[in-house]
Amino acid sequence: LDHKLSISPETSLLNQVLQRLLQLIPKTRAVDWESCTAAVWQRQRWHSGLVAHAGVDGILLDDLLHIEDQRAQLVANTEQFLADLPANNALLWGARGTGKSSLIHALLNAYAGQGLRLVEIGKDDLPDLGDVVSQLATEPYRYLVFCDDLSFEVGDPSYKALKSALEGSIFKTAKNVLIYATSNRRHLVPEHMTDNLQTRVSEGELHEGEAV
């Protein structure tokens with residue numbers, strides 16, 4: 001038996017309408033990482049992607065005073081990252097105005113010539129973290145995914161997205177990506193007295209509650 005594929009006029013018209021709709025959806029232009037050192041992840045209803053960010057703060061590491069120890073730790077970690085050695089994701093926490101975000105920007109300015117690049121992502125966009133990393137994994141640069149002023153409320157789904165990304169396989173397959181985040185709070189998730197009620201001391205040993 002001969003089977004022939006036939007397309008109804010209604011199907012053909014629907015395809016034409018869909019094609020026109022796709023052309024109307026705004027598309028983000030690919031970032032030229034050779035000439036651009038920073039980008040922002042923008043989530044849109046139909047399409048999300050990286051958008052080049054030209055206005056990078058020109059602050060230098062030597063401009064930052066009275067945080068020499070913290071600067072030295074983060075510089076050492078970043079240099080290991082650039083050298084393809086083991087490096088850690090980092091959280092910078094402290095009061096407003098202590099130089100947390102400025103330190104990240106200064107690192108970019110100091111090491112952009114060695115292939116360091118910065119991608120800023122908002123806390124509400126953390127569920128897209130897997131998509132961000134997958135786009136960066138094949139690039140020949142080293143990326144700091146930067147989340148500024150990070151904190152979570154009770155039941156915040158973006159916390160689970162970040163936790164899953166850090167503990168899962170995303171960063172195992174993308175060795176050219178680290179997360180640097182800043183926060184005004186040391187504890188990113190609110191702590192309640194009820195979480196500590198099951199904590200007990202047994203024979204001199206502290207046993208935390210399951211929530212803690």
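Mentor: Helix H2 has 15 residues, and the distance from its first C-alpha to its last is 21 Å, close to the 21 Å expected at 1.5 Å a residue. That expected span is 1.5 Å times one less than the number of residues, and helices here are DSSP runs (H or I, at least four residues), strands likewise (E, at least two), numbered from the N terminus. The model is a predicted one, in which local features need pLDDT of at least 70, side-chain atom pairs count only at pLDDT 80 or more, and totals for chains, interfaces and linings use all residues. Residues are numbered from 1 along each chain as its sequence is written, and side-chain values use heavy atoms, with hydrogens and water left out.

The buried residues of H2 are Arg71, Leu74, Val75, Asn77, Thr78, Phe81 and Leu82. They cover an arc of only 165° around the axis, which puts them on the same side of H2; the arc is that of the directions from the helix axis to the C-beta atoms. An α-helix has 3.6 residues a turn, so residues three or four places apart point the same way. On the other side of H2, Asp69 and Gln73 are exposed. Buried means under 20% relative accessible area, exposed over 50%, and partly exposed in between (1.4 Å probe, protein chains only).

The cover over the buried residues of H2 includes E3, H3, E4, E5 and E6, where contact means heavy atoms within 4.5 Å. In turn, H2 is among the elements that cover the buried residues of H3. After H2 comes Asp84, whose phi is positive, near 60°.
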